[in-house]
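Visitor: I'm new to this one. Can you walk me through it in short steps?

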Amino acid sequence: MFNREKQEMKRVPMMPVRDMVIFPQQMTPFIVGREASVRALEEALAGDKKIFLSTQHDASVDDPKPEEIYAVGTLANIVQSVKLPDGNIKVLVEGVERARAVSVATEEGFFRATVRLLGAKIDPSPQVQQVVEKTTNLYEQFIKLSQSLNYDTMIAAARVDDPARLSDTIAANLQLPVDEKQDLLETIDPLERLNRIGDILEIELEKLNVDRNINTRVKRQMERAQKEYYLNEKLKAIQKELGRGEKSELDELKKKIDAAGMPKDVHEKATTELKRLELMPPMSAESTVSRNYLDWLLAVPWKKRSKEIRDIKAAEDILNKEHYGLEKVKDRILEFLAVRQLVKNPKGSILCFVGPPGVGKTSLAMSIGHATGRKFVRVSLGGVRDEAEIRGHRRTYIGALPGQIIQMMKKAGTTNPIFVLDEVDKMSTDFRGDPSAALMEVLDPELNHAFTDHYLDVEYDLSKVMFVCTANVLHTIPQPLQDRMEILRLPGYTEKEKLEIAKRFLVKRALEATGLKEENLSFTDEGLLHIIRHYTHEAGVRNLEREIQNIARKMARKVVAEKEAKAEITAANVNDFLGILKYREFWLEKHNEIGLTTGLAWTEVGGSVLVTEAAIMEGKGRLTPTGKLGEVMQESAQAALSYIRSKSGQLGLPKDFYRNIDIHLHVPEGAIPKDGPSAGITICTSIVSALTKNPVRCDVAMTGEITLRGKVLPIGGLKEKLLAAHRMGLRTVVIPKDNEKDLADIPQEILSSLTVHLVETMDEVLQVALERPVVPAEHAEVAPVAEPFVAGAEKDASLTN
């Protein structure tokens with residue numbers, strides 16, 4: 001039985017230690033460097049040199065809280081302290097007694113603890129003496145077998161009669177994990193502590209005996225292998241003389257192959273190739289090819305993965321911080337992260353961002369990398385026309401290399417990066433193959449776990465990669481490739497979104513790029529809107545950023561010349577920095593005109609506004625379309641004219657009105673090719689206006705395909721077209737009834753500023769677009785065409801009818 005001594009209470013400075021346990025009656029040196037620990041040490045030195053030392057749970061925590069420190073520690077006496085040149089303090093302490101922290105408080109940047117001493121005495125008895133002798137004998141055997149401890153020193157320290165001191169001495173010198181040592185420290189009963197240490201010593205002795213047996217066996221084997229070793233060394237010397245080098249390099253390759261984590265079939269192939277390399281002369285060309293192949297097998301990641309961030313809230317904050325708007329795309333990314341949390345090994349996602357230039361497709365992919373904690377790699381496919389760019393060349397070719405997929409995986413260094421395939425719509429095909437066909441294996445979730453590069457000639461797993469493709473248009477991407485991707489459209493930005501992007505990102509970026517400060521240059525909302533409306537004409541913000549940086553550069557020159565130069569950019573002084581307006585709001589200055597209709601078009605860089613003109617003159621019934629119109633657009637003009645002829649009576653025209661006239665149809669900006677069926681109702685409206693001398697409303701824009709029966713069919717790119725109408729100041733829009741479902745994708749601030757007319761027939765279009773209602777022939781006298789007429793020439797006369 002043991003007896004607890006009187007449990008004395010003390011209040012002393014407390015210092016957490018890591019990766020070590022301090023035992024009573026033991027001298028222990030260590031380094032003190034943390035600020036709180038230094039303050040606790042100084043407080044103890046200023047007093048009675050007593051300090052409470054307790055081990056913290058996690059050694060990696062620099063600033064542990066009281067609950068992260070073990071309650072049981074050792075009250076120690078500071079024997080010596082020396083300040084080192086690097087600012088740290090080397091301390092030598094002697095443990096006095098076990099103690100338990102009753103309460104811990106923070107005072108002046110360090111811990112002060114109220115501790116209860118846990119001293120204990122044990123009554124001498126034959127049983128105690130037996131345990132002491134047994135433990136001492138075990139420890140002496142352990143010291144003899146262990147090469148890491150000094151025999152004489154350890155034996156002298158262990159020859160004590162006090163069971164408590166003996167147990168603490170042995171525990172302090174055993175190489176045990178910190179948690180096991182802490183358990184021994186928290187064992188108050190000396191006899192129980194000695195029994196536990198005896199069990200530990202028996203286990204350690206068993207390990208040392210096994211090691212000694214193994215060492216003896218190895219020694220005998222080494223003696224037998226001396227002859228082989230001598231011959232191998234001689235063989236190496238001969239190989240060196242022959243110019244074949246030493247095998248150390250090949251041995252290093254063997255170790256790397258074993259440690260690379262390759263699949264079984266790849267490991268076998270690499271090992272076979274290494275054996276072939278050993279038999280080749282080092283200076284041969286084939287040896288270089290084989291060595292390069294092994295280097296590539298070792299360079300690509302086989303098992304290393306990035307630790308993925310799956311915190312949806314943090315990811316959402318990162319996406320909102322780096323991009324404004326794009327809510328639909330952000331939602332899809334967050335959905336992907338949510339699935340990653342619920343499914344242990346989900347398949348990699350393949351997304352395709354489609355939108356005009358400058359809307360943030362590539363930068364959004366980079367943000368996905370930031371939000372998920374993955375590595376980010378990018379390869380541009382613009383102009384790629386060789387299949388080997390994707391799959392690589394076979395090793396039989398001189399200078400062969402893996403394809404861009406494997407090269408980028410090597411650059412990423414992990415098996416689960418964010419992999420961006422930029423400009424996937426700009427690949428082309430020639431006699432060297434079709435790269436888009438090679439991409440089908442890469443972007444197919446069912447196949448890319450076994451992607452085969454021609455150079456590596458082994459299966460490589462791409463299923464953990466998140467592929468993000470970017471494109472401006474879809475029609476140049478083969479349909480089978482589109483089918484393998486989830487397509488997310490990024491339409492152009494509204495004026496309000498551009499303003500917010502400029503305020504949040506572009507202005508700050510321009511100031512950083514030019515070295516200016518906010519007090520040197522600032523922008524008002526009116527100034528930014530003036531730049532957006534009159535100096536840019538785009539769906540994205542690339543030109544807007546360019547114009548803002550242009551202003552910043554001019555201001556930087558002024559700051560260099562005059563240190564105190566300041567400027568606030570407003571709508572009134574933008575011209576002083578950027579010159580004359582690049583784009584003017586021409587539609588606000590004109591009246592309703594005959595034969596002049598505003599249409600909406602879709603382009604690769606977003607929506608646009610196109611004006612269609614029609615002129616009537618004497619002739620023989622010919623229709624002349626000009627303005628570099630494509631075949632489909634010319635057919636739309638023919639269909640519109642056939643519809644007008646079939647409805648001539650309802651439009652107030654003679655049945656044979658077309659016999660003595662020619663119709664000239666022109667779409668300005670003649671150098672730009674134009675095509676597509678969506679200009680059908682625009683063309684028809686222009687011709688009807690010119691024939692009936694009924695002006696077209698200048699504030700109306702329209703888009704829709706026309707049939708011979710006058711039906712209005714749906715069109716594509718509605719969002720981009722409505723954004724263009726809003727951007728150009730048009731507030732009344734005519735669209736097909738079947739496109740009503742697409743209005744859900746239009747921002748509310750755009751819809752609220754537009755009057756949208758949903759039409760099913762050409763009659764409804766004319767009711768909205770023409771200044772006056774169409775009068776049928778039986779109720780109105782239609783004057784024959786007596787002289788040539790050009791649309792717009794009799795604008796004033798038409799207004800007086």
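**Helix pairs and salt bridges**

Guide: Helix α2 (residues 126–145) and helix α4 (residues 163–173) have axes that come within 11 Å and cross at roughly 25°. That makes α2 roughly parallel to α4; angles under 35 degrees count as roughly parallel, over 145 as roughly antiparallel, 65 to 115 as roughly perpendicular and the rest as oblique. Axes are lines fitted to C-alpha atoms, for helices over the stretch in contact, with angles from 0 to 180 degrees between N-to-C directions. Helices (H or I, at least four residues) and strands (E, at least two) are DSSP runs, numbered from the N terminus.

Visitor: What kind of model is this, and how are residues numbered?

Guide: The model is predicted: local features need pLDDT of at least 70, side-chain atom pairs count only at pLDDT 80 or more, and totals for chains, interfaces and linings use all residues. Residues are numbered from 1 along each chain as its sequence is written, and side-chain values use heavy atoms, leaving out hydrogens and water.

Visitor: Back to the helices. Is the crossing of α2 and α4 left-handed or right-handed?

Guide: α2 passes α4 in a left-handed crossing. The crossing is called left-handed if the near helix is turned anticlockwise from the far one by less than a right angle, and right-handed if clockwise.

Visitor: At what angle do α18 and α19 cross?

Guide: Roughly 125°, with the axes of α18 (residues 525–534) and α19 (residues 542–561) coming within 10 Å. That makes α18 oblique to α19. The crossing of α18 past α19 is right-handed.

Visitor: New topic. How many salt bridges does the structure hold?

Guide: There are 30 salt bridges. A salt bridge here is a side-chain nitrogen of Lys or Arg within 4 Å of a carboxyl oxygen of Asp or Glu.

Visitor: Which residue does aspartate 168 pair with?

Guide: Aspartate 168 pairs with arginine 98, and their closest N and O atoms are 2.7 Å apart. This pair links distant parts of the chain: aspartate 168 is in helix α4 and arginine 98 in strand β6 (residues 89–107), 70 residues apart.

Visitor: Are those two buried or exposed?

Guide: Both aspartate 168 and arginine 98 are buried. Buried means under 20% relative accessible area, exposed over 50%, and partly exposed in between (1.4 Å probe, protein chains only).

Visitor: What about glutamate 273?

Guide: Glutamate 273 forms a salt bridge with arginine 395, with the closest N and O atoms 3.5 Å apart. Glutamate 273 sits in helix α8 (residues 264–279) and arginine 395 in the loop between α13 (388–391) and α14 (404–412), so the pair ties together parts 122 residues apart in sequence. Glutamate 273 is buried at 6% relative accessible area, while arginine 395 is partly exposed at 24%.

Visitor: Which residue meets glutamate 545 in a salt bridge?

Guide: Arginine 509, at 3.0 Å from N to O. Glutamate 545 lies in helix α19 and arginine 509 in helix α17 (residues 495–514), so the pair ties together parts 36 residues apart in sequence. Glutamate 545 counts as buried at 18% relative accessibility. Arginine 509 counts as partly exposed at 41%.

Visitor: Which residues join into one network?

Guide: Arg11, Glu43, Glu107 and Arg112, through salt bridges that share partners.

Visitor: Last one. Where is serine 37?

Guide: Serine 37 is in helix α1 (residues 35–46). At 6% relative accessibility, serine 37 counts as buried. The C-alpha atoms of serine 37 and methionine 14 are separated by 8.1 Å, and the two are 23 residues apart along the chain.
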